[in-house]
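Here are a few friendly notes to read alongside the model. Please have the viewer open as you go through them.

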Amino acid sequence: MPSTLDAQSAASPAPSSARPVNRKIGFKRKAAAYVSLTKPRVMELLLVTTLPTMIFAQRGFPDVVTMIATMVGGALAAGSSAAFNCYIDRDIDKLMNRTKKRPLVTGEVTPREALIFAWSIGVMSIAILLWGTNLLAAGLGVLAIFFYVVVYSLILKRRTEQNIVWGGIAGCFPVLIAWAAVRETVEWPAIVLFLIIFLWTPPHYWPLSLKYKRDYQAADVPMLGAVASARVVSSQVVLYAWATVACSLLLVPLGWAGIVYTAVALVAGGWFVYESHVLYAESQKPEYNDKKAMKVFHLSITYLTLVFVALAVDPFVGSPLMPVPGIPS
C-alpha cells in the first residue's frame with residue numbers, strides 16, 4: 001500500500017524538533033509515536049477501498065467475522081509496511097521537511113523498537129487474516145507487505161523515477177485481499193479494482209512530489225517531480241488520470257456495475273481528468289507555482305473515495321447495467 005509517503009531547500013542541520021529526544025517519554029507520547037509509525041492517513045485510505053470491495057464482491061454485507069478480520073488484518077498489514085518503511089528511510093526522513101517529525105527522527109522510538117513493532121504487527125496481521133478469512137487472503141497480505149517493504153522501499157524508491165508506479169502495487173493489494181476474503185478467489189472485477197488503484201497512484205502522488213521536489217532533491221530520492229519539469233509531470237498526470245477513469249468503467253461490460261457506480265465513476269472521473277488538464281495548462285505559464293499541484297493531489301483522494309463509496313452502494317440499488325449470466329446481481 002503505496003505509502004503515501006521529503007527536505008528543506010537548504011542542506012542545513014535539522015531543527016531542534018527533529019533532534020533525538022533524550023529525556024524519558026511518557027506512555028501516551030510513546031503510544032502516539034508507535035501509531036505514527038503506521039502512517040494512519042495512508043492506512044485510512046487503504047481501508048476506504050477494502051470494505052466497499054467486500055460489499056461489492058458479496059453483493060451485500062459479508063459475515064461480521066470476515067469483515068472484521070479483513071479490516072483489522074489489512075490495517076495491521078498496512079501499518080507493518082509503513083513501520084518497516086520508516087525504519088528503512090530514517091536516514092532520509094531527517095533531511096525532508098515533511099518527514100522530519102517522524103518518531104525515528106525525533107528519537108521517540110528507537111530503530112530497534114520500530115523493527116520489533118513492525119515485525120510484531122506484521123505477523124499479527126497475517127495470523128488474523130488466516131483465522132478470520134482464508135489462506136489466499138493471508139498470502140496476499142504477505143505479498144502486500146513484501147512489495148512495499150522490499151520492492152518499493154529497499155529496491156525502487158532510491159533508484160528510479162518510476163518508483164511510485166511499480167512500488168505502488170503494494171497499495172493495490174487491499175482490494176485483492178478483500179475480494180479473496182469474501183469469494184475465496186480472485187476474479188476479473190478484482191483485477192479491475194487492482195488496476196484502478198495502480199493507475200490512480202501516479203497522478204495521486206506525482207503532484208505531491210512537485211510540491212516537495214526540493215525535499216526529494218536534498219535527500220537524493222528520484223521522485224518524478226524532483227527530476228522532471230512540471231510540464232512533464234503534469235502531462236503524465238493527465239495520461240494516468242484518463243487511464244484510471246477508462247479502467248474504472250470496465251466493471252460495466254464485465255456485468256458487475258449498476259447505475260450508481262457507473263454514474264459516479266463518470267462524473268467523478270470527469271472531474272479528475274478536467275483538473276489534471278487544468279494542472280497541465282497551468283504548468284505552461286511562467287508564473288506557475290508547484291504548490292498548485294496539490295489541488296490535484298487532494299482531488300485524487302476525493303475521487304477514489306467517491307468511486308469506492310459508490311462501489312459499496314451499487315449492489316443495493318438496481319441491477320448491473322450489462323448483466324452477464326452467472327454473475328450475481
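Is serine 125 buried or exposed?

1. Serine 125 is buried, because its relative accessibility is 0% (buried means under 20% relative accessible area, exposed over 50%, partly exposed in between, with a 1.4 Å probe and protein chains only). You will find serine 125 in helix H6, residues 111–132 (helices are DSSP runs of H or I with at least four residues, numbered from the N terminus). Setting aside neighbours within four places in sequence, serine 125 touches Gly73, Leu76, Ala77 and Ile145, where contact means heavy atoms within 4.5 Å.

2. A word on the basis: this is a predicted model, in which local features need pLDDT of at least 70 and side-chain atom pairs count only at pLDDT 80 or more, while totals for chains, interfaces and linings use all residues. Residues are numbered from 1 along each chain as its sequence is written, and side-chain values use heavy atoms, leaving out hydrogens and water.

3. Now look at H2 (residues 40–58) and H3 (residues 64–88), whose axes come within 10 Å and cross at roughly 155 degrees (axes are lines fitted to C-alpha atoms over the stretch in contact, with angles from 0 to 180 degrees between N-to-C directions). H2 is therefore roughly antiparallel to H3, a term for angles over 145 degrees. Residues making this contact include Met43 and Leu46 of H2, and Thr66 and Gly79 of H3.

4. Methionine 96 sits in the loop between helix H4 (90–93) and helix H5 (103–106). Its relative accessibility is 1%, so methionine 96 counts as buried. Methionine 96 and alanine 218 are 122 residues apart in sequence, yet their C-alpha atoms are 7.5 Å apart in space.

Conventions. Helix = DSSP H or I, 4+ residues; strand = E, 2+ residues; numbered from the N terminus. Parallel < 35°, antiparallel > 145°, perpendicular 65-115°, else oblique.
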